[in-house]
Amino acid sequence: MSSLSANGSADEVDETEDGAAPATDDESATDDAKHVGYYTFDDLSVVMGTYNEEEAIATVLEDIDEVTDGKAEVVCVDGSSDRTAEIAREHGATVIEQEPQGYGVAVREAILTPDRPVVVTTDCDDTYPMEALPEFLAEINDGADVVSGDRLYHGAEAMPAFNRLGNHAFAALASLLMGERVHDTTTGMRAYRRDVVEEIGWTENTGLSAELLIRPLMRGYDVRERPIHYAERLGETKLDPIGGGAAIAKSIVTVCLEEQLRRL
């Protein structure tokens, strides 16, 4: 059975300083044998596709470094013509240069490049709260396979109204087709167990974010949504809201139908 914790509100988990869930009374924190999948920031890769984000990339990388005490690996797949790649390298990130081929192609490369067991995707425009990384890692240590940041829970007032309406529509469409309620299908901030994303065949580009929520959920993985605050982006948006929105809606329908047929 899948386990979708709506908005994460029922599953608040305390964290230790390195983001790992603390031991309970029946669990010895010093007995490593009992902590199968007990991860710290040394086991975490934060990955993103970057495209002309020189205004924001330094802030994002500095936030990751501060929150994880410099322990998390950072991978940027970059197709920029500005100083984004240079700034990322100056901040210790691994940069993979790639011709721009769309969101999914970049994120796919970013996810598959590192070999740490937990991967967090994010965007490079400073819209996502890196201070939530300990909570996401704690959820993984609590047994989640996928932890998805729900931007819409708090209203996402920093998001353009048209985009916000579209994201609500995407979530409603996916919920209808899956028969299970989801709240934000296209969020860019998620944590995954590496073995989960490696087991799922990816097909989408613009709609990859929705695909990486729908396929695990419909295959019975433990998928949880957590509310996150969404900030106003730094720099100009690269997304075409009409063309991109149509592509995402098509991806949602395609992936849901494929997964329904897979069950037959």
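Let's start with strand β2, residues 73–78. Of its 6 residues, 5 are buried, so the rest of the structure largely encloses β2. Keep in mind that this is a predicted model.

What does β2 pair with? Its partner is β1, and the two run in the parallel sense, over 6 bridges.

Now β1 itself, residues 44–50. Here 6 of the 7 residues are buried, so β1 too is largely enclosed by the rest of the structure. Buried here means under 20% relative accessible area.

β1 has another neighbour. That is strand β4, residues 118–121. Again the pairing is parallel, this time with 4 bridges.

Which residue stands opposite V47 in β2? That is V75. And in β4? There the bridge partner of V47 is T121.

Next, the surface. There is a negative patch, and four residues form it: E62, D65, E66 and D69. Pick out D65. Where does D65 sit? In helix α1, which spans residues 57–67.

To recap: β1 pairs with β2 and with β4, and D65 of helix α1 belongs to the negative patch.

How values were computed
Residues are numbered from 1 along each chain as its sequence is written. This is a predicted model: local features need pLDDT of at least 70, side-chain atom pairs count only at pLDDT 80 or more; totals for chains, interfaces and linings use all residues. Side-chain values use heavy atoms; hydrogens and water are left out. Patches are made of residues with over 30% relative accessible area and no salt bridge: like charges are joined within 9 Å, nonpolar side chains (Val, Leu, Ile, Met, Phe, Trp, Tyr) within 5 Å. Accessible areas come from the Shrake-Rupley method with a 1.4 Å probe; for residues, only the protein chains shown count as cover. A salt bridge is a side-chain nitrogen of Lys or Arg within 4 Å of a carboxyl oxygen of Asp or Glu. Lys and Arg count as positive and Asp and Glu as negative; His and the chain ends are not counted. The place of a charge is taken as NZ of Lys, CZ of Arg, CG of Asp or CD of Glu. Buried means under 20% relative accessible area, exposed over 50%, partly exposed in between (1.4 Å probe, protein chains only). Two strands pair if DSSP finds at least two bridges between them.
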